[in-house]
Amino acid sequence: MIPRTKLPWEIAVTTEAEGREVAVQTFLLCCCGHLILLGLALPTALTFFSSIKISPRPLNRLTIKMISLTFDTIAIVGSVKEFMETSMDADVSLYTFSRHAQFHFSLTCGYFAWAAFTTMLFGDIRTHSKWPFVHHCLVCVCYWICLHPFIHHYGNLFLVFQSSTWVLDFYAILKILNITSGKKSATVLLKWLHPIVFGVVRILIGIPLSIKFLQELFRLLIAGNPHNIWEVFLVIFANIVLNVVNLHWFFDMFFGVRDPLRDFSYTTKEEGMI
């Protein structure tokens, strides 16, 4: 077990069964939080404490983005903590257990299950929401099987990818609340900030980290002692696919083909939600 200092919101998750319980509870909490915010809290706040008037569809998007931003923040802090306490060169076994990672894996699994469910309900999985839906399902399944425990160290580091999604969610909230209206500097800042953050966390950090990660997984397969060969293959497949998608998105942004901040009336590929 890796010694860890505890973050304020962490709860003790010490077994695979407890991890799955927390994942289910996280899914239900996101669903309940979505309904409460959509049906009571946000309409009340917007009616009595603000002059902002928005219709039901943007209000639904605002609720989704608030929950997403909350998860992004928790995931980023947990991942940064992992980077600070262990280095990329650290000799950590793929099967080393971490309570810190077990908690965040459970949270991630439950959140992405909710994200997939939300995308299925409010997106169009036949067109622009198809690949985000697949992404959410794939991430959810991978973190579910990694409650074994498996790849606790690497899986926690990969959560830093949510940094670029945090920028999109934050911008979406400002956009829906009309805070960025007439403020070109804020839009330009976020427009440049997102590709920079995306490039740093998903390309400069993500690609080398993934190469080292895949090398260890292949060594595990060659040694002939994985806990479940099909689960290992699934994790390898998911990592390769997500890196290919990240590279595709990055070059789209670099060559100006895709602007994630351009139109928030529809789903961006990275977010996968309305």
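I began with the cavity lining: α8 gives the largest share to the largest cavity, eight residues. Helices here are DSSP runs of H or I, at least four residues, numbered from the N terminus. A cavity is a set of points on a 1 Å grid over the protein atoms alone where a 1.4 Å probe fits but cannot get out; lining residues have an atom within 4 Å of a point.

This is a predicted model: local features need pLDDT of at least 70, side-chain atom pairs count only at pLDDT 80 or more, and totals for chains, interfaces and linings use all residues. Residues are numbered from 1 along each chain as its sequence is written, and side-chain values use heavy atoms, with hydrogens and water left out.

I found 36 lining residues for the largest cavity; H135, V139, Y143, F161 and L242 lie nearest its centre. The lining splits into 20 nonpolar, ten polar and six charged residues. I counted Ala, Val, Leu, Ile, Met, Phe, Trp, Tyr, Cys and Pro as nonpolar, Asp, Glu, Lys and Arg as charged, and the others, Gly among them, as polar.

Next I checked pLDDT, the predictor's confidence in each residue, from 0 to 100. The chain mean is 83, and 82% of residues reach 70 or more.

Methods: 1 Å grid on protein atoms, 1.4 Å probe; cavity = no way out; pocket = protein on both sides within 12 Å on 5 of 7 lines; lining within 4 Å. Helix = DSSP H or I, 4+ residues; strand = E, 2+ residues; numbered from the N terminus.
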